[in-house]
Amino acid sequence: MEAVLAKYENQINVFSELLDELPDTEEPLWILGQRYDVRAEKSELLSDVRSRLWFTYRKKFSPIGGTGPSSDAGWGCMLRCGQMILAQALVCWHLGREWRWDKDGRHPEEYRRILHCFLDKKDSCYSIHQMAQMGVGEGKLVGEWYGPNTIAQVLKKLALFDDWNSLAVYVSMDNTVVIEDIKKLCHQTGGGMLRPALGDPAEPSEGGAFLEHGSSRPRATSSYPHPYLRSEWKPLLLIIPLRMGINHINPVYIEALKECFKMPQSLGVLGGKPNLAYYFIGFIGEELIYLDPHTTQLAVESEAGGAVDDQSYHCNRSPHRMKVTSLDPSVALGFFCKTEEDFDSWCGLVQQEILRKSRLRMFELVEKHPPHWPPFVPPTKPEVHTTGAEFIESTDKLFESEEEFEILNV
């Protein structure tokens, strides 16, 4: 089994190294909302990339579910990418986008706590153990390959058990982001849904949404009123699963995809090639820049709450690059809005830079909840029942599950 996985991993690594070195160009390079001049700011650029938490395959951790796999090599790449996009949200939330990792320096307590959330232990809230077992509820056996939409649903469920970070996770449905639903979710209090404010309508007004010409789908209006009493905003992790083509990415979406990396709220993109998941963090010219989880490292031992040797959680090499036209059309966009003002700003950027400039829209942004949809109910902690009987049965089935990249039902 390990020999098969090692051979599979080596084939991936050979491909990943092909575009490793940064080009000598005057074109700007974008990393998660930050613009860099490759020639003049290379050290700052590499420091930024190195500061992202890098989660890869691990081996020799405690068996998942007690009797399951003790390595995720060959099947856990999308789970690791999901960890990376979530970790970036937590870094932005607790440390700020400008925070930089120093391998010889002291780091804030919040950094240590973030890292502990992702250790390969069953009691870490976003460990490979928790993610794999939560995936059972999404119809995935432990050891099966995930697609972008599945990992988004897993992250949404796991966040409900995370009292420290208390993120609001919104996963869009049917290529549509609903502003009203996000505002309800992020202003939600412990007592349930907020009451309508005095003078505001209890139900969405008739004129709150307009129809696209020749379409039954409502579009967003130019303002974003919130008809509910104000409460503290819960930081928002917004994930938008998309399919931007059938077998290959439709070129009409490429410029809009690039614009997403320029936004200050950007957390990057989950996607890759068939059977290969990457965490895309930026672009230069016609190439995407990504962190690659396809390196198998030993699991890191740590006492509960103790110090962690974090050297292997940061990538010290030049970032990988890939032609944007090689991207599989199934992706998930990620954004983080720490405040309501951040979210309102994101809505404005989407309208200005994506929706108004695109012939064919990647996704829709609408102000009101579509009337033909079921009512929006903020998620609550699900009941989790895993027994260990859900593990994938054989290595053959493991690789059978990687034959096709997941086609999203979004």
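This is a predicted model: local features need pLDDT of at least 70, side-chain atom pairs count only at pLDDT 80 or more; totals for chains, interfaces and linings use all residues.
Residues are numbered from 1 along each chain as its sequence is written, and side-chain values use heavy atoms, with hydrogens and water left out.

The secondary structure comprises 10 helices and 15 strands, taken as DSSP runs numbered from the N terminus (helices: H or I, at least four residues; strands: E, at least two). Of the 410 residues in the chain, 56% are buried (under 20% relative accessible area; exposed is over 50%, partly exposed in between; 1.4 Å probe, protein chains only).

The largest nonpolar core has 71 residues, and Ile31, Leu53, Phe118 and Tyr279 have the most contacts inside it. Such a core is a set of buried Ala, Val, Leu, Ile, Met, Phe, Trp, Tyr and Cys residues joined through side-chain atoms within 4.5 Å. Helix 3 (residues 77–94) gives the largest share of this core, 12 residues. Apart from this core lies another, of 48 residues, including Tyr290 and Trp373. Leu53 touches, among others, Met84, Val91, Tyr111 and His314, not counting residues up to four places away in sequence; contact means heavy atoms within 4.5 Å.

Helix 7 (residues 179–186) and helix 9 (residues 340–355) pack at about 170°, with axes 12 Å apart. Axes are lines fitted to C-alpha atoms, for helices over the stretch in contact, and angles run from 0 to 180 degrees between N-to-C directions. The two helices are therefore roughly antiparallel (angles over 145 degrees). The residues making this contact are as follows.

| Helix | Contact residues |
|---|---|
| Helix 7 | Ile179, Ile182, Lys183 |
| Helix 9 | Glu340, Phe343, Asp344, Cys347 |

Seven of the nine residues of helix 8 (residues 254–262) are buried, so this helix is largely enclosed by the rest of the structure. Its buried residues include Lys258 and Glu259, and they pack against elements including strand 1 (28–31), strand 14 (330–337) and helix 9.

Ser127 lies in the loop between helix 4 (109–116) and helix 5 (128–134) and is buried, with a relative accessible area of 0%. Among the residues that Ser127 touches are Gln83, Phe118 and Asp120.

Conventions. Angles under 35 degrees count as roughly parallel, over 145 as roughly antiparallel, 65 to 115 as roughly perpendicular and the rest as oblique.
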